[in-house]
Amino acid sequence: MTFSKGLAGVVADTTQISQVQGEDGRLIYRGISIDELANQSSFEEVSYFLLKGKLPNPSELSSWTDKLKKYRKLDSDVEKALLSLPTDMHPMVALQALLAVLIHKEKPAQLKDKEAHIETSAFLISQLATLIAQVSRRRRGLPLLPVKDSLSHTSHFLYLLQGKDPDTKIAHFFDVAMILHMDHDFNASTFAARVIASTEAHLTSAISGAIGALSGPLHGGANERVLDMADAIKSPDKASAWILETLQKKGKVMGFGHRVYRTLDPRAKILKEILDTLAKDSKTQDVTFDILKKVHDTMIEELSKKEKDYIWPNVDFWSGSFYRNIGIEKIDFTPLFALARVVGWSSHVIEMWEDNRIYRPAAEYVGPDHVPYAKVK
Ligand code: SDX
């Protein structure tokens, strides 16, 4: 029996969906490098590619796009449930609560009925986008907005969230950010989805469990905490002292480090380039971005002194700064991770179901044995 805390380095299955090449700082989706897809493709094309295993031709892309549009509208039971939730409920918790209604309504399909599962995935991809936007609107005291069948998937999400069609450049950058977040081989939330689905539970149950795993600060919750850190630092000139103190206390700086990447996360690189472009084009100072640039420089300097040059910024370090820059509140940042990663979670479950075996790892028991039972007096 091999034991590795956190399953570090343990191969749990094979996959053709994506690979995180940690030493080289590369990420590939079904063999294509993430930077090629991020800068040239679209949410619709990459979601089809990850789920079906091939890039769509123009007519396949157009019917996939129409399918996602068809599933934007919430069922009245789901909308009623949404309106019954406490308005101060964290959106990641609200998503799990609302997925319970979708689980109840999911038509179970044969395990190997890939087409049926892809149809459910399309439904969940669109429903999640609408749910995230409408939960946010309700928290902000805004009326729910009717969905429309114009606009691309990610632009329609921004329209629902912000009440107006997004600016073309911002819409493109946001689509890039969603492609970057779609998949990342066996990260904690994807592995959670696989464990749940390996018992042949509903696909939607697996997605709900994955949302729970993603919400943690060590995983998807990190992007919100990076902004909490920036807000606690308050100004760029205070960043260095704040970081030194955190490291002194053996604390962890959110948005840095990764189980697999031993160099810069390629997604962080692309998000930083987007922020640099926005900063160059803007007339106003982006204080959050300036604070995080100072945090970055101090961290890189300090970590190299401690021979920890394998700790670099990950995707969560810059993503929140971009989302804030385009007017999104930090409590909505982790749901944005789910908005994209639902594609990866669904793709992995469907792939696993083609040759499924229930997960049941061994445990190394280190407690006592043959202890006699005696009631405590
Ligand atoms: C995501 O898995 C994925 O692919 C995830 C993800 C995806 O797309 O799905 O990439 C998305 O979750 C990115 C990670 C977001 N989380 C954070 O930014 C939280 C801060 N990072 C750390 O908690 C940590 O780096 C993890 C959780 C990301 C990785 O944890 P590991 O692999 O278990 O590493 P570790 O905690 O054992 O740290 C190893 C060493 C320790 O020092 P020593 O005890 O050996 O002296 O590195 C240090 C840690 O203290 N370290 C850090 C640090 N991260 C690790 N020190 C300061 N700040 C940090 N952020």
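**Figure 1. Lining of the second largest cavity in the predicted model.** Sorted by class, the residues that line the second largest cavity are four nonpolar, four polar and one charged. The model shown in this and the following views is predicted. Two cavities of 30 Å³ or more turn up when the whole structure is searched.

**Figure 2. The largest cavity and the residues around it.** The largest cavity holds about 80 Å³ of space. Its lining consists of Leu 82, Leu 85, Pro 86, Thr 87, Met 89, Ala 94, Val 135, Arg 138 and Arg 139. Helix 6, which spans residues 114-139, contributes the most to this lining, with three residues. Six residues of the lining are nonpolar, one is polar and two are charged.

Figure 3. The space in the largest pocket amounts to about 1,800 Å³. Among the 48 residues of its lining, Gly 257, His 258, Arg 259, Val 260 and Arg 262 are the closest to the pocket centre. Two or more lining residues come from each of strand 1 (18-21), helix 9 (188-198), helix 14 (287-305), helix 15 (315-325) and helix 16 (333-353). Strand 1 provides the largest share, three residues. The largest pocket lies between the domains because domain 1 (17-218 + 332-353) and domain 2 (222-325) both supply residues to its lining. The class counts for this lining are 23 nonpolar, 14 polar and eleven charged residues.

**Figure 4. Surroundings of the ligand.** The ligand is surrounded by 23 residues, of which His 184, Lys 252, His 258, Arg 259 and Arg 267 are the closest.

Figure 5. The side chain of Lys 252 places an N or O atom 2.6 Å from an oxygen atom of the ligand. A polar atom in the side chain of His 219 is 2.9 Å from a ligand oxygen atom.

Figure 6. The volume of the second largest pocket is about 640 Å³. This pocket is lined by 24 residues, and the closest to its centre are Leu 7, Val 10, Arg 360, Pro 361 and Ala 362. Its lining comprises 14 nonpolar, four polar and six charged residues.

Technical notes. Residues numbered from 1 in each chain as written. Predicted model: local features only at pLDDT ≥ 70, side-chain atom pairs only at ≥ 80, totals over all residues. Heavy atoms only, no water. 1 Å grid on protein atoms, 1.4 Å probe; cavity = no way out; pocket = protein on both sides within 12 Å on 5 of 7 lines; lining within 4 Å. Points joined across faces, edges and corners; volume = space filled by probe spheres on them. Helix = DSSP H or I, 4+ residues; strand = E, 2+ residues; numbered from the N terminus. Nonpolar A, V, L, I, M, F, W, Y, C, P; charged D, E, K, R; others polar. Domains from an automatic or database assignment. Near = heavy atom within 4 Å. Polar contact = N/O pair within 3.5 Å; in protein donor to acceptor, adjacent residues only side chain to side chain.
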